[in-house]
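Student: I have a new structure to read. Where do we begin?

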Amino acid sequence: MKYRIFSFVAILLAGLTMGACDSDDDSNNSLSYTLENTTMAPAWQMDWNFNQETPNWQKPQSQSFENWVVILVKIEQELQEYTSKDDLMALFVEDELRGLASPAISVDNPGSSCDYYLMKVFGNETDEEWMDVTLKYYNSQLKHVFSRSASFQYRTDQVIGIDEDFVPKFTLGPAKYPIVMNLSLDSTPLANVDLETSSDDMVGAFVGGECRGVAHANGRMVVYGREEGEKVTLKYYEAANNRIYTFNDAVRIKQLPTNTITIN
């Protein structure tokens, strides 16, 4: 039996959107935002709860494959507070399930973290062959199947997730929000306002009253959409002055072509 290791090229399901509204400066007394004073930082947070049932994934029949590898997958920080022992991790090649695992909970510490998955992945592919795969993560608390598409190539003498954490960004492939948008804050009305910025500032994206993205004021954020054309309101929390700026209909949800990144 030959042992092979996969080298992943993850498909980043995000586009760069440059939409913005016209904005008058303060000297014209025609502000493009409203102001609200607050006594504490807002508790803006994405709601990942969905309505998907536990998938009926079955372990692959090992006798049908020539090779197998072990991959250690770590859940990204944004989802770690929701993990539990009932979660599942699976890897598919087209519609064929090649690997399935439950959380890797320590035998000596049953109450340990459910953030890691030690998964054996089976294959019949030849050396150096490229393949398209889908990594799926079912979170039982959220009732949500997250997925990431990727391409991989058989490689020998490599390790995935052991020497260096392998952390797929499952929040960039959610079923609840099929459109994922990378937003440059410099292309929005926020760029036209003189803000007293600090590391404690926050930016929130909202569609109606639903939070669709949260970030610190570092120039970029991810915004999640249900469909194209949704109007996004941006809120900026200025910690130094304890106030919130609200920019209504600042951008629109738009899906642009995907980009590819390499994960070693």
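Tutor: Begin with contact: it means heavy atoms within 4.5 Å. This is a predicted model, where local features need pLDDT of at least 70, side-chain atom pairs count only at pLDDT 80 or more, and totals for chains, interfaces and linings use all residues. Residues are numbered from 1 along each chain as its sequence is written, and side-chain values use heavy atoms, leaving out hydrogens and water.

Student: Which residues is T38 in contact with, leaving aside its neighbours within four places in sequence?

Tutor: They are Y237, N242, R243 and I244. The C-alpha atoms of T38 and N241 are 8.8 Å apart, though 203 residues separate them along the chain.

Student: What share of contacts in the chain joins residues at least 24 apart?

Tutor: Count contacts between residues at least 6 apart in sequence; 74% of those join residues at least 24 apart.

Student: Where does T38 lie?

Tutor: Helices (H or I, at least four residues) and strands (E, at least two) are DSSP runs, numbered from the N terminus. The chain has one helix and 17 strands. T38 sits in the loop between strand 4 (34-37) and strand 5 (67-74).

Student: Why does T38 count as partly exposed?

Tutor: Buried means under 20% relative accessible area, exposed over 50%, and partly exposed in between (1.4 Å probe, protein chains only). T38 counts as partly exposed because its relative accessibility is 21%. V159 is partly exposed too, with a relative accessible area of 45%. V159 lies in the loop between strand 10 (144-155) and strand 11 (179-184). Across the chain, buried residues make up 48% of the 264 residues.

Student: What does the side chain of T38 reach?

Tutor: A polar contact is a pair of N or O atoms within 3.5 Å; within protein, one must be able to donate a hydrogen and the other to accept it, and residues adjacent in sequence count only if both atoms are side-chain atoms. Here the T38 side chain reaches the backbone oxygen of M40 at 3.0 Å.

Student: Which strands does strand 15 pair with?

Tutor: Two strands pair if DSSP finds at least two bridges between them. Strand 12 (residues 202-207) runs antiparallel to strand 15, with five bridges. There, M202 stands opposite Y237. Strand 16 (residues 243-252) is also antiparallel to strand 15, with seven bridges. Y236 has Y245 in strand 16 as its bridge partner. Four residues lie between the strands of this hairpin, and N242 takes a positive phi near 50°.

Student: How many residues of strand 15 are buried?

Tutor: Six of the eight residues in strand 15 (residues 231-238) are buried.
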